[in-house]
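Have the viewer open as you read.

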Amino acid sequence: MHTLDDLDRRLIGALRADGRTPVTTLAHDLGVTRATVNIRLQRLLDSGTVIGFSVRVREERDPDSIRAIALIEVEGRSTDRAIRQLRGFPEVRALHTTNGGWDLVAEIRTDTLSNFDRLLGQIRSVEGVVNSETSLLLSSTLS
């Protein structure tokens with residue numbers, strides 16, 4: 001796995017802010033050439049550091065989406081493999097390692113309860129996942 005340097009982190013930050021930013025704009029904002037941005041972006045994709053690009057929707061514009069937190073226990077040395085599989089589910093918005101009784105915490109969003117149920121089945125069938133507990137997020141008290 002390749003180690004991120006300051007330019008990689010700044011590029012990732014710019015793409016997190018707006019994944020549709022043209023390469024020319026990224027190059028200008030980062031103070032490098034377009035070729036450098038293209039090479040760095042390809043290396044980030046090839047290494048698996050950047051796994052894709054997505055659309056972010058304001059929660060208030062999609063109030064009926066199903067949001068949840070899944071606590072996931074992974075057996076033994078299969079954590080890296082499980083993480084790779086879980087990152088492939090577009091409904092998994094964020095994935096965190098943690099301490100305590102659970103190995104991973106996944107932030108999940110789906111559009112329907114049936115898709116939520118399907119996703120839970122997929123998570124439970126990931127090789128190495130031995131247990132999970134999921135809580136639906138009903139409303140935000142800080143908004």
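Which residues does arginine 40 touch, not counting residues up to four places away in sequence? The answer is Asp5, Leu7, Asp8 and Leu11, where contact means heavy atoms within 4.5 Å. Arginine 40 sits in helix α3 (residues 34-46). Its relative accessibility is 16%, so arginine 40 counts as buried; the classes are buried under 20% relative accessible area, exposed over 50% and partly exposed in between, with a 1.4 Å probe and protein chains only.

A word on conventions before going further. This is a predicted model, in which local features need pLDDT of at least 70 and side-chain atom pairs count only at pLDDT 80 or more, while totals for chains, interfaces and linings use all residues. Residues are numbered from 1 along each chain as its sequence is written, and side-chain values use heavy atoms, with hydrogens and water left out.

**Overall picture**

The protein has five helices and four strands, in the order α-α-α-β-α-β-β-α-β from the N terminus. These elements are DSSP runs numbered from the N terminus: helices are H or I with at least four residues, strands are E with at least two. Along the principal axes, the C-alpha atoms fill a box of roughly 45 × 40 × 25 Å. Of the 143 residues, 31% count as buried. Among contacts with a separation of 6 or more, 64% are between residues 24 or more positions apart.

The protein exposes about 9700 Å², with carbon and sulfur atoms supplying 48% of that area; the method is Shrake-Rupley with a 1.4 Å probe. There are 19 positive and 20 negative charges, and their mean positions are 6 Å apart. Lys and Arg count as positive and Asp and Glu as negative, leaving out His and the chain ends; each charge is placed at NZ of Lys, CZ of Arg, CG of Asp or CD of Glu.

**The strands**

Two strands pair if DSSP finds at least two bridges between them. The pairings are listed here.

| Strand pair | Sense | Bridges | A facing pair |
|---|---|---|---|
| β1 and β3 | antiparallel | seven bridges | isoleucine 66 and threonine 110 |
| β1 and β4 (residues 129-137) | antiparallel | eight bridges | arginine 67 and leucine 137 |

β2 and β3 form a hairpin with six residues between them, and glycine 100 in the turn has a positive phi of about 90°. Is β3 enclosed or open to the outside? Six of its seven residues are buried, so β3 is largely enclosed by the rest of the structure.

Over in β4 we find glutamate 133, which is partly exposed because its relative accessible area is 42%. Beyond its neighbours within four places in sequence, glutamate 133 contacts Ile69, Ala70, Leu71 and Trp102.

**The nonpolar cores**

In soluble globular proteins, nonpolar side chains tend to be buried together. A nonpolar core here is a set of buried Ala, Val, Leu, Ile, Met, Phe, Trp, Tyr and Cys residues joined through side-chain atoms within 4.5 Å. The largest core has 19 residues, of which Ile72, Leu86, Phe89, Ile108 and Ile123 touch the most other members. Two or more residues come from each of β1 (66-74), α4 (79-87), β3 (104-110) and α5 (113-124). The largest share, five residues, is from β1.

Setting aside neighbours within four places in sequence, leucine 86 is in contact with Ile72, Val92, Leu95, Leu104, Ile123 and Val126. Apart from this core lies another, of eleven residues, including Leu7, Ile12, Ala27 and Leu41.

Finally, take a look at glutamine 122 in helix α5. With 29% relative accessibility, glutamine 122 counts as partly exposed. Glutamine 122 and proline 90 are 32 residues apart in sequence and 12 Å apart in space, C-alpha to C-alpha.
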